[in-house]
Amino acid sequence: MDTARKNPLYRAPEAPAVPQLPPELAYIWNWFTQLNQKRQCGMAVNALTSAEILAWQARHGVRFDPFEEGVIDRLDTLFLHHQNKKEK
């Protein structure tokens, strides 16, 4: 591999493009990161519970609409998927 890199025609592969967070959804990402800090962990990382989410909303005076609730649930699912993948 090092020999190939020394070749003047060698071109390093481009890093994959990282999608940018749409500014319109930044507030939901902020909420998720705050919720994530309150996540219960035992022998493994657990999903956010409805009780944790409701308690967070009450504490912060926020009420998720159905779209926001769905995004939070999907982010939680993706987080757990990547956590479990990392542990294997």
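Visitor: Hi! Let's start with Leu35. What does Leu35 touch, not counting residues up to four places away in sequence?

Guide: Leaving out residues up to four places away in sequence, Leu35 touches Leu48, Glu52, Ile53, Trp56, Phe64 and Ile72. Keep in mind that this is a predicted model.

Visitor: Okay. Which residues make up the largest nonpolar core?

Guide: There are 11 residues in that core. They are Ile28, Trp31, Phe32, Leu35, Leu48, Ile53, Trp56, Val62, Phe64, Ile72 and Leu75. So Leu35 is one of them.

Visitor: And which elements give two or more residues to this core?

Guide: Those are α2 (26-37), α3 (50-60) and α4 (66-87).

Visitor: Which one gives the most?

Guide: That would be α2, with four residues.

Visitor: Let's switch to Gln34. Where is Gln34?

Guide: Gln34 sits in helix α2.

Visitor: Buried, partly exposed or exposed?

Guide: Gln34 counts as partly exposed, because its relative accessibility is 25% and that class runs between 20% and 50%.

Visitor: What is Gln34 in contact with, neighbours within four places aside?

Guide: With those neighbours left aside, Gln34 is in contact with Trp56 and His60.

Visitor: How far is Gln34 from Val62, C-alpha to C-alpha?

Guide: Their C-alpha atoms are separated by 13 Å, and the two residues are 28 residues apart along the chain.

Visitor: New topic: charges. How many salt bridges does the count come to?

Guide: The count comes to one salt bridge. Arg39 forms a salt bridge with Asp76, and their closest N and O atoms are 2.7 Å apart.

Visitor: What about Glu52, where is that?

Guide: Glu52 is found in helix α3. Glu52 is buried yet has no salt bridge.

Visitor: How far away is the nearest side chain of opposite charge?

Guide: For Glu52 that side chain is Arg39, 6.4 Å away.

Visitor: What does Glu52 touch, then?

Guide: Not counting residues up to four places away in sequence, Glu52 touches Leu35, Lys38, Arg39, Gln40 and Ala47.

Visitor: Which residues are buried in α3?

Guide: In α3, Glu52, Ile53, Trp56 and Gln57 are buried. Seen down the axis of α3, the buried residues fall within an arc of 135 degrees, so they line one face of the helix.

Visitor: And which residues are exposed on the other side of α3?

Guide: Ser50, Ala51, Ala58 and Arg59 are exposed there.

Visitor: What follows α3?

Guide: Gly61 follows α3, and its phi is positive, near 65 degrees.

Visitor: Let's do rings. How many aromatic pairs does the structure hold?

Guide: It holds six aromatic pairs. One of them is Tyr27 and Trp31, which is edge-to-face, with 4.9 Å centre to centre and 90 degrees between the planes.

Visitor: How are Tyr27 and Trp31 placed in helix α2?

Guide: They are four residues apart in helix α2, so about one helical turn separates them. Tyr27 is partly exposed, with a relative accessible area of 34%, whereas Trp31 is buried, with 16%.

Visitor: What kind of pair do Trp31 and Phe64 form?

Guide: Trp31 and Phe64 form a stacked pair, with 5.0 Å centre to centre and 25 degrees between the planes. This pair links distant parts of the chain: Trp31 is in helix α2 and Phe64 is in the loop between α3 and α4, 33 residues apart. Trp31 is buried, and so is Phe64.

Visitor: Which residues form one aromatic cluster?

Guide: Tyr27, Trp31, Trp56 and Phe64 do.

Visitor: Last one: where is Pro66?

Guide: Pro66 is in helix α4, and Pro66 counts as exposed at 72% relative accessibility. Pro66 and Pro16 are 50 residues apart in sequence and 32 Å apart in space, C-alpha to C-alpha.

Key. Residues are numbered from 1 along each chain as its sequence is written. This is a predicted model: local features need pLDDT of at least 70, side-chain atom pairs count only at pLDDT 80 or more; totals for chains, interfaces and linings use all residues. Side-chain values use heavy atoms; hydrogens and water are left out. A nonpolar core is a set of buried Ala, Val, Leu, Ile, Met, Phe, Trp, Tyr and Cys residues joined through side-chain atoms within 4.5 Å. Buried means under 20% relative accessible area, exposed over 50%, partly exposed in between (1.4 Å probe, protein chains only). Contact means heavy atoms within 4.5 Å. A salt bridge is a side-chain nitrogen of Lys or Arg within 4 Å of a carboxyl oxygen of Asp or Glu. Rings of Phe, Tyr and Trp (its six-membered ring) pair if their centres lie within 6.5 Å; planes under 30 degrees apart count as stacked, over 60 as edge-to-face and the rest as tilted. Lys and Arg count as positive and Asp and Glu as negative; His and the chain ends are not counted. The arc is that of the directions from the helix axis to the C-beta atoms.
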